[in-house]
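Please view the sequence and the structure first, and then follow the points below.

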Amino acid sequence: MGLDYQLVLWNKYKKAYDKIIIISMLLYIILFAAITLIFNSETTIETLVIRAFGSLAIIMLNIILIIGPLARLNSNFLPILYNRRHLGVSMFIAAFIHGGFSIFQFHALGDVNPIYSIFTSNMDYNSLTNFPFQVLGFIALLILFAMASTSHDFFLGNLSAKVWKRLHMMVYFAYALIIAHMFLGAFQQETSPLTIGIMTIGFFTVASLHLITAFKEQKIDSMKMEEQEGWLKVCTISEIEEDRAKIFTVKNQRVAVFKYNGKLSAIHNVCKHQGGPLGEGKIIDGCITCPWHGYQYLPSNGQSPPPFTEKVATYQLKLEGDMIYINPEAFDEGTEVEPCNY
Amino acid sequence: MTSGLRKAHKFIWLLLIITVPIIMFFSVKDLEFFTDKQAKEMSFELGDYRIVATDENEVLKAAILKNEDSIKIDIEIKTPLKASSAEVYELNQNKEKGRFLGPMSKAKTYSFYLNNDATGILVFDTLKGTEITKLIF
């Protein structure tokens with residue numbers, strides 16, 4: 001969380017994580033080149049680069065796509081989620097090298113505009129197996145470019161979280177295009193059951209994790225709470241850990257009820273930064289801290305501590321014995337609500 | 001995430017898990033995973049075949065071989081092809097691109113079975129949509 005926009009808000013974890021990304025990418029490229037040169041020594045350098053970076057990009061994309069659901073299913077993966085953005089930009093760089101070399105080798109050496117050539121060199125658009133697969137890869141690359149170039153918080157702040165999130169959800173469309181690009185392109189020429197099998201398993205792993213998470217979340221959304229004179233029964237005090245929260249669905253909105261220093265407060269569960277689940281974070285230095293990127297809010301009014309300006313809605317709680325009740329009507333974002341003392 | 005975004009994610013992944021495997025299945029269902037490989041690995045051995053014709057140009061040498069049951073062509077690539085996507089097709093009776101025989105890349109001898117009415121072979125760059133070379137029997 002930063003007041004001013006900086007290119008990267010470095011910390012020791014980000015530096016360590018970026019080193020792991022760079023070393024892993026280099027190792028993969030070296031290993032790929034070595035294996036290729038051993039088993040197919042006549043491969044040209046252009047072909048080697050295209051294949052190495054293309055396969056690297058798809059492996060990285062699969063990893064990126066499983067981080068989200070894994071972090072939802074197991075909080076041990078949250079540190080990787082925190083650093084996912086740099087992995088995404090690195091993946092785009094790999095995809096860009098693959099795409100750039102491919103366009104140069106296959107389309108830039110003729111007398112036709114290379115971009116025009118991508119769309120017109122093969123016009124078999126009504127065939128499946130002979131479909132101009134490079135078009136699919138090119139569109140996917142454009143989407144990845146849009147995402148990588150707007151990944152900085154400057155764009156998140158200026159495009160609005162809603163527009164930014166929708167733009168970045170295009171990655172799923174790009175993923176489908178890339179799978180089709182591989183199956184209708186590389187796999188038509190290199191008919192290895194091994195590579196096709198790995199890609200198929202990769203897709204089903206990613207899709208299954210997303211769907212398992214989606215159905216788990218749906219279960220939480222459909223939980224019914226007992227109503228008593230306009231108040232909804234939440235849980236007992238002892239069911240919430242100190243400096244932590246329990247999440248409930250109130251009028252289709254997730255609400256996090258926090259317990260801290262003998263007090264209880266409830267705020268809207270969705271972080272203003274990237275929609276992170278505030279109720280899965282904890283209270284650090286008196287502030288609710290989002291588990292995704294560390295954005296902070298005061299529990300009593302849902303406001304980020306000055307000079308930050310983010311605000312979320314707050315809710316009124318009451319206690320009857322050990323039982324916590326919540327008023328389902330949300331207050332305006334940033335409204336001060338007296339915490340419940342117990 | 002808001003409830004709307006959660007629903008959107010679920011819908012997108014339900015859509016993908018239905019549509020993507022369909023594309024995967026139809027794109028690989030006609031691939032010959034093993035026969036092409038076996039054909040590619042075959043060396044130029046006569047066995048009970050007899051050579052009925054040979055031809056050669058600057059890119060390749062080819063020999064047509066026949067036995068009682070089948071007809072095949074052995075193609076020797078003289079130097080590695082510069083095109084990264086070289087595929088061999090039969091030429092049909094109209095001497096046009098016909099049945100797909102298999103892919104070729106490095107310099108070695110490839111072997112493919114032919115239909116009886118094949119009139120030649122075409123080596124084609126699928127990515128660029130251009131003809132690399134052609135042999136007419």
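Predicted model: local features only at pLDDT ≥ 70, side-chain atom pairs only at ≥ 80, totals over all residues.

Which residue in β3(B) is the bridge partner of B:Ile64? That partner is B:Ile73.

**Strands of chain B**

- Strand β2 of chain B, residues 60–66, is mostly covered, with five of its seven residues buried.
- Strand β1 of chain B, residues 50–56, runs antiparallel to β2(B), and six bridges join the two.
- Within this pairing, B:Thr54 has B:Ala63 of β2(B) as its bridge partner.
- β2(B) also pairs in the antiparallel sense with strand β3 of chain B, residues 71–77, over seven bridges.
- A hairpin is formed by β2(B) and β3(B), and four residues lie between them.

**Contact between the chains**

- Chain A contributes 33 residues to the contact and chain B contributes 31 residues.
- On the side of chain B that touches chain A, helix α1 of chain B (residues 3–28) supplies the largest share, 16 residues.
- That side of chain B consists of 18 nonpolar, seven polar and six charged residues.

**Helix α6 of chain A**

- Helix α6 of chain A covers residues 133–149, 17 residues in number.
- From its first C-alpha to its last, α6(A) reaches 25 Å, which is close to the 24 Å expected at 1.5 Å a residue.
- Among the buried residues of α6(A) are A:Phe133, A:Leu136, A:Ala140, A:Ile143 and A:Met147.

**Strand β5 of chain A**

- Strand β5 of chain A, residues 263–268, is largely enclosed by the rest of the structure, because five of its six residues are buried.
- Six bridges pair β5(A) with strand β4 of chain A (residues 253–260) in the antiparallel sense, and A:Tyr260 has A:Lys263 of β5(A) as its bridge partner.
- The hairpin of β4(A) and β5(A) has two residues between the strands, and A:Asn261 takes a positive phi near 45° there.
- β5(A) pairs with strand β12 of chain A (residues 340–341) in the antiparallel sense over two bridges, and A:Lys263 stands opposite A:Asn341 in β12(A).
- Strand β9 of chain A (residues 314–315) is joined to β5(A) by two bridges and runs antiparallel to β5(A), with A:Thr314 of β9(A) as the bridge partner of A:Ile267.

Notes: Residues numbered from 1 in each chain as written. Chains lettered and ligands numbered in written order. Buried ≥ 20, exposed ≤ 12 C-beta atoms within 10 Å, placed from the backbone. Pairing = 2+ DSSP bridges. Contact = placed C-beta atoms within 7 Å. Nonpolar A, V, L, I, M, F, W, Y, C, P; charged D, E, K, R; others polar. Expected span 1.5 Å × (residues − 1).
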